[in-house]
Amino acid sequence: MGSLLIKPVQRVMKYPLLLGELWQATPNDHPDNRPLLEALTATKIINVNINEFKRRKDIVMKYKRTEDEGNLRGKLNKFNIHSIRKKGDRLTGYLKILTGVEPQVRDEAFDKAEKLFRSLEKAVRQLVKNVSCYLQHTQEMVSVAIQNVQDLENIIKDPNKIDTNGSLHNKNNDPYKHFVSVMLGCNKQ
């Protein structure tokens, strides 16, 4: 019994097997029958989650290659019988799905999470672009505002002084009227 109890600690995947055997050996009218069935179901779910987590982690690690693995020497170092068999099995499985021999297994939760991730990624890229544009326009507007403040200070200090546009500031020279006349002049040409 001791060796049976230590096995699940060594291999979590053995829990459903041991609980399944216990459940099958337990009579239906025994008070432990229902809790054993619930424990068996829970361990199966846990094992599925562990396998799925490991599969996803393996996929992530596969694409997180180091520079060494990217060159020919790294690829040749990884080339062995196991990798050939694994790629062959993967290709066989893909062909079975394509030919309809086996149905394609869809992970809706993963697909939904991936779609959400892609949407968030796109939104963050757009936000970065918008913030960059906003900062650029703000910089341009600040420099224009500073120039306007300096021109206004010059007009207040000396209203008869010639401004940067070459026109004379005085009480009779209205900047708005000057702007309108310049614009009308541009439209006539």
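Predicted model: local features only at pLDDT ≥ 70, side-chain atom pairs only at ≥ 80, totals over all residues.
I'll start with the chain as a whole. The protein chain has eight helices and zero strands. Read from the N terminus, the elements run α-α-α-α-α-α-α-α. The chain has 189 residues, and 8% of them are buried. The accessible surface is about 17,100 Å², with 61% of that belonging to carbon and sulfur atoms. On contacts, take the ones with a separation of 6 or more: residues 24 or more positions apart account for 30% of them.

Helix H1 covers 2-10, and Val-12 sits in the loop between H1 and H2. Val-12 counts as partly exposed because its relative accessibility is 38%. Val-12 also belongs to a nonpolar patch on the surface, together with Met-13, Tyr-15, Ile-46 and Ile-50. The accessible area of that patch is about 390 Å² in total.

Next, Leu-19, which is in helix H2. Is Leu-19 buried or exposed? Its relative accessible area is 15%, so Leu-19 is buried. Leaving aside neighbours within four places in sequence, Leu-19 is in contact with Leu-36, Ala-39, Leu-40 and Thr-43. There is also a C-alpha distance to report here: Leu-19 and Glu-38 are 19 residues apart along the chain, and their C-alpha atoms are separated by 9.8 Å.

Thr-26 lies between helix H2, which is 15-25, and helix H3, which is 33-63. Thr-26 is in a loop, and it counts as buried because its relative accessibility is 13%. What lies 2.6 Å from a polar atom of the Thr-26 side chain? That is the backbone oxygen of Leu-22. Not counting residues up to four places away in sequence, Thr-26 touches Asp-32, Asn-33 and Leu-36.

The side chain of Asn-33 makes a polar contact of 3.4 Å with the side chain of Asn-28. Beyond its neighbours within four places in sequence, Asn-33 is in contact with Trp-23, Thr-26, Pro-27 and Asn-28. Thr-26 is on that list, and Asn-33 is among the residues that Thr-26 touches.

Now to charges. Side chains of opposite charge can pair when their charged atoms come close.

An α-helix has 3.6 residues a turn, so residues three or four places apart point the same way. Glu-38 is partly exposed because its relative accessibility is 46%, while Arg-34 is exposed at 58%.

Another pair is Lys-54 and Asp-58, whose side chains meet in a salt bridge at 3.3 Å, N to O. Lys-54 and Asp-58 are four residues apart in helix H3, so about one helical turn separates them. Lys-54 has a relative accessible area of 49% and is therefore partly exposed. Asp-58 is partly exposed too, with a value of 39%.

The last pair is in helix H7. Glu-121 forms a salt bridge with Arg-118, with the closest N and O atoms 3.5 Å apart. Here the spacing is three residues in H7, so the two are separated by about one helical turn. Glu-121 counts as partly exposed at 27% relative accessibility, and Arg-118 is partly exposed at 44%. Salt bridges that share partners join Glu-114, Arg-118, Glu-121 and Arg-125 into one network.

Staying with H7, which covers residues 108-157, Phe-110 lies in this helix. Phe-110 is partly exposed, with a relative accessible area of 29%. Phe-110 and Arg-56 are 54 residues apart along the chain, and their C-alpha atoms are separated by 9.6 Å.

One geometry check to finish. Helix H6 has 19 residues, 81-99, and at 1.5 Å a residue they should span 27 Å. The end C-alpha atoms are 27 Å apart, which agrees. After H6 comes Gly-100, with a positive phi near 90 degrees.

Conventions:
Residues numbered from 1 in each chain as written. Heavy atoms only, no water. Buried < 20%, exposed > 50% of the residue type's maximum accessible area, 1.4 Å probe, protein only. Polar contact = N/O pair within 3.5 Å; in protein donor to acceptor, adjacent residues only side chain to side chain. Contact = heavy atoms within 4.5 Å. Patch = residues over 30% accessible without salt bridge, like charges linked within 9 Å, V, L, I, M, F, W, Y side chains within 5 Å. Areas by Shrake-Rupley, 256 points an atom, 1.4 Å probe, with all protein chains shown as cover. Salt bridge = Lys/Arg side-chain N within 4 Å of Asp/Glu carboxyl O. Expected span 1.5 Å × (residues − 1).
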